[in-house]
Each structure stands twice: as C-alpha cells, then as structure tokens.
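Have the structure open as you read.

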Amino acid sequence: MADVRTFLRQIHAELDRRADLTKKADARKKWLAQIDTYRQEWDKFVAPGFSDDTTPINPQRAALEIDKALPENAILVSDIGVHHNWLLSFCKPKRPDSLIGSMGFGPMGFGVAGVMGAKFAAPDRPCVSVCGDGAFFMHANVLGTAVEYNLPVVWVVWNNYAYASIRGLQRGYLGGRELATDFHDPTTGQRYNPDFAAMARSCGVEGVRVDRAGDLGEAIRKGIAANKPYLIDVDIAAGIGLSTAEMAKREGADVIIASRNVERLDAAADKLNAIAIPADVTSDDSVAKLFRACGPVDHVVVTAAQLRTGPFKTVAMEDVRSTMEGKFWGAWRVARSAEIRPGGSLTLVSGYLSIRPRPNSAIVSAANGALESLARALALELAPVRVNTVSPGIIDTPIRAAMPEEARRDMLAKTAAALPVGRVGVGEDIARQILSFMANGFATGSIVYLDGGALVT
Ligand SMILES: Cc1ncc(C[n+]2csc(CCOP(=O)(O)OP(=O)(O)O)c2C)c(N)n1
Ligand SMILES: [Mg+2]
C-alpha cells in the first residue's frame with residue numbers, strides 16, 4: 001500500500017538514477033520480439049480448433065462462439081472448472097468489467113448464481129453464465145429464483161458429463177484412477193446427466209439443447225433477446241473413433257489416439273486417460289512420425305475422413321481429390337507406416353455408399369469401395385496381421401454436423417423409421433464391431449456391413 005503521489009515520485013527518482021535504462025530497453029525489445037514469435041506459433045497451433053465443426057462440440061470452438069455471440073455490453077460470469085480455463089484462454093472481453101470469475105477462492109456455483117447478482121447490479125446489460133454441468137446440478141435451485149425475481153439471465157451449461165477438471169487431476173496424479181467424477185450409468189457405462197433443458201422448462205424457464213457448434217451463437221443471441229430466464233444445454237463429448245477408444249480402454253487396453261485436431265485430441269485424451277499424438281493422415285511425414293513415436297502396437301483403427309462431395313459433373317476436382325487424400329490415401333499411409341505385432345489387427349472404416357450409392361456422392365462410394373478392396377488385399381499381404389473393414393450405415397456422429405440442423409434431424413428420423421432396428425446407429429455400435437475384429441483371431445479380409453438392417457429393406 002502506498003500513497004500514489006509519493007510512490008510515483010519515488011519511481012521517477014529511481015528511473016533517473018538508472019542511466020542504463022535505454023540499453024536495457026533494447027535488450028528487452030529483443031526478448032519481446034522473441035515472445036511475439038512464440039505467440040504466432042501458438043496462434044498457428046490452435047487455429048484449427050476455431051473452425052472445428054465436430055459434435056459434440058470442441059471446447060475451443062465453444063469458447064469462440066460464446067465470445068462472438070456476446071454483445072459488447074454483456075457480462076459473462078464464469079463458473080469454476082475446465083470451461084473456465086477455456087473461456088480465459090479464448091474469450092476476448094471487450095471491456096474491463098465484462099468477464100467475471102472467482103479464480104482465487106474457486107467456489108463452484110459462483111457463475112450459476114452469480115449471474116443473477118450481475119443482473120441485479122446491471123439490469124440493462126445482458127448477463128450470461130457459462131457453468132459446468134456438475135456445478136449447475138449442484139445449484140439448480142437458481143431456476144426457481146430467477147423466475148421468482150423475474151431475472152432474464154442466460155445459463156450456458158457446458159455439459160461434458162463430468163467434473164472434468166477434477167477428473168483430469170485424478171487421472172494425472174493418481175495413476176489414471178478416478179472416483180465419482182465421471183457421470184455415467186453404472187450398468188451400461190453410457191454417459192449420464194439429467195436433461196437440463198427439460199429441467200429448466202419444468203421450472204418455467206426456457207430450455208434448449210445445442211449439440212452443434214454452428215448453432216451455439218444463435219442460441220445465445222436468442223436467449224439474450226428472449227429477455228427472460230433461459231438455459232442452453234451444450235453437448236461437449238465423442239464420435240466413432242472416440243467410442244472405440246473408450247470401449248478399448250474399458251476392456252483394459254492402453255490406448256493411443258491420433259488426430260489432426262489438436263484441441264479435440266487433447267480433450268479426448270483427457271477424457272480417456274489415453275496418450276494423444278497429433279497427426280494428419282493426409283501427410284506421409286506426419287503418419288510416419290506418428291508410428292515412430294508409438295513403436296509397435298497390437299491394433300490400429302483408422303476412422304479419419306474429411307468428405308467433400310457434389311454432383312459428379314460439376315464437383316471440383318480439388319474436392320474429390322481431397323476426399324480420396326484423407327479417406328483412402330490416409331488409410332493407405334497408416335497401413336504402410338504402422339508396425340503392428342503379429343496376430344494384431346488393422347481395421348478400416350468404409351461406409352454404406354460403396355454398395356448403396358446415393359446421388360452426388362460418387363467420390364465417397366469410390367473411396368469406400370477402394371478401402372474395402374484395399375483391406376482384402378492387405379489381409380493377404382500383411383498376414384499374420386489381420387485386416388478388416390467395418391462399413392457403417394447411417395450413424396449419428398460428428399461427421400453429420402455439417403448438415404443444416406433441420407435436414408439432419410429429419411433425415412435421421414426418416415432413416416430410423418425405415419430400418420428394422422427402428423433407430424440410426426451411434427458411435428458405440430461401430431466401436432463394438434471394431435473391438436470384435438481386434439479380439440477375434442479368425443477375422444481377416446472381412447467386411448461387416450453394420451447398418452441396422454438397411455441392406456434387407
Ligand atoms: C463448492 C465447491 N466444491 C468443490 C470444488 C472442487 N471442484 C473444482 S472444479 C470441480 C468440478 C467442476 O465440474 P463442472 O462444474 O462439471 O465443470 P467442468 O470442470 O466439467 O467444466 C470441483 C468438484 C469447488 N471448487 N467448489
Ligand atoms: Mg463438467
């Protein structure tokens with residue numbers, strides 16, 4: 001503590017006394033320039049996460065969408081947990097009093113209830129809470145309070161089905177053990193949480209669910225414009241690759257996951273307590289480096305696919321080439337570089353379009369067919385390593401997230417109704433088959449069309 005005037009006088013005197021200051025400033029300039037290069041490196045490193053379209057939503061993308069959706073005068077109140085770290089890393093508050101957190105004390109519930117305090121204090125400013133699913137469930141009584149006091153606040157529930165920050169600490173410090181930090185059904189292992197949007201509605205609060213990054217900003221804008229208490233339950237979790245890794249982990253395997261998207265990869269690795277290695281299947285070097293880093297492994301699964309399609313006569317060559325580059329050549333590169341132990345397996349994931357083509361997707365049909373033929377050929381050439389393909393039917397996974405929401409829901413509902421099993425597939429269905437390929441020593445050169453019965457309708 002000091003008197004400002006006295007303190008500034010003392011500082012001035014001290015500055016005058018230090019004659020070599022310019023020299024030091026020059027040296028510091030160099031250091032600052034160096035830091036700037038680190039900053040640029042970092043920006044390049046994290047750039048892909050900002051455009052990641054996967055569902056459940058990439059946390060980095062979520063932070064960006066939240067930041068973009070908030071008007072300049074909004075107050076964002078964060079709770080305590082990993083979501084808080086994502087917000088601090090990737091939100092850029094527009095004025096000094098617009099991002100409120102409680103970093104020192106760190107009480108869960110601060111953001112859940114604190115947003116109402118913010119609204120009391122600043123009734124003319126939009127007030128938005130970003131809070132964890134864990135904290136929200138602890139303090140869900142706020143829903144009633146907001147109604148009783150007519151407080152038009154917005155809760156964005158960062159729903160990662162876990163006390164994720166604590167789970168990460170447990171996994172990191174306790175040799176991978178965890179206790180009571182992961183929310184799941186004890187019998188099926190499926191992730192569990194209450195339906196927060198329905199919970200909100202039961203209290204007279206508007207409640208919606210968002211599972212696509214592209215819908216998050218609009219939901220927040222709508223929530224603010226509604227001018228009444230509003231809850232947005234946002235899904236943050238897994239696709240086919242991740243389901244397989246999750247199941248393998250549950251079966252006791254040591255799992256290494258690789259992906260082009262570093263942020264998502266880290267989130268997944270954290271979720272699974274798996275080793276993560278960033279890799280890009282479209283690059284020979286990157287794939288070779290990945291397998292040099294892994295060393296010999298028992299099983300490899302390739303799920304990578306970035307599909308670009310269009311009407312055959314007009315689709316750009318660049319698009320169809322990039323589809324082959326990722327889906328077909330990606331698998332080829334992995335098969336070439338992976339050092340799989342004898343009796344181990346390589347599983348490729350193709351897709352129903354190879355045998356049930358649809359208009360405007362010729363390149364995907366071709367890539368899938370080529371993958372299936374490749375797997376058969378490799379079953380011969382790479383023996384005693386076993387090579388198989390699973391061909392999923394219509395699955396509700398992140399890859400479909402690029403479709404417009406209504407079209408996607410409509411398509412999934414229609415498909416489900418037409419299938420003998422009455423539902424579309426989920427990542428876990430495919431994962432189960434992949435694991436069975438790994439475990440069944442008699443399976444090689446096999447293609448399993450796993451499509452809920454689409455082939456017989
Ligand atoms: C009242 C209180 N209890 C426990 C903790 C310890 N703690 C810090 S973060 C956290 C988990 C938060 O989970 P969630 O709200 O889902 O946020 P996430 O980390 O998953 O984003 C816990 C238990 C705390 N900070 N405050
Ligand atoms: Mg959580």
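Let's begin with a four-stranded open sheet, ordered S9-S10-S11-S12 with parallel pairing. Strands here are DSSP runs of E with at least two residues, helices are runs of H or I with at least four, and both are numbered from the N terminus. Two strands pair if DSSP finds at least two bridges between them. At the edges sit strand S9 (297-302) and strand S12 (447-450), each pairing on one side only. From one strand to the next, the twist averages 15°; angles run from 0 to 180 degrees between N-to-C directions, and axes are lines fitted to C-alpha atoms, for helices over the stretch in contact.

A word on the ground rules: this is a predicted model, where local features need pLDDT of at least 70, side-chain atom pairs count only at pLDDT 80 or more, and totals for chains, interfaces and linings use all residues. Residues are numbered from 1 along each chain as its sequence is written, while chains are lettered from A and ligands numbered from 1 in the order in which they are written.

Back in the sheet, strand S10 (residues 340-349) pairs with strand S11 (residues 386-392) over five bridges, in the parallel sense, and threonine 347 faces asparagine 388 in S11. Helix H14 (residues 317-337) packs on this sheet, touching S9 and S10, with its direction at about 175° to that of S9. Contact means that C-beta atoms, placed from the backbone, lie within 7 Å. Helix H15 (residues 362-381) lies across S10, S11 and S12, at about 160° to S11. In the loop between H15 and S11 you'll find proline 384, which is joined to alanine 383 by a cis peptide bond with omega of about 10°.

The other sheet is also open, with six strands in the order S2-S1-S3-S4-S6-S5 and parallel pairing. Its edge strands are S2 (99-100) and S5 (206-210).

| Strands | Bridges | Opposite residues |
|---|---|---|
| S1 (residues 75-78) and S3 | four bridges | leucine 76 and valine 128 |
| S4 (residues 154-159) and S6 (residues 230-235) | six bridges | tryptophan 158 and valine 234 |

How many residues of S3 are buried? Six of its six are, with buried meaning 20 or more other C-beta atoms within 10 Å of a residue's own, exposed 12 or fewer, and partly exposed in between (C-beta atoms placed from the backbone). Cys127, Ser129 and Cys131 are on one face, and Val128, Val130 and Gly132 on the other.

Helix H10 (residues 213-226) touches S3, S4, S5 and S6, making about 170° with S6.

Finally, a helix pair: the axes of H2 (residues 21-50) and H3 (residues 59-69) come within 7 Å and cross at roughly 80°. The two are therefore roughly perpendicular (65 to 115 degrees; under 35 is roughly parallel, over 145 roughly antiparallel and the rest oblique). Val46, Gly49 and Phe50 in H2 meet Gln60, Arg61 and Leu64 in H3.

Methods: Contact = placed C-beta atoms within 7 Å.
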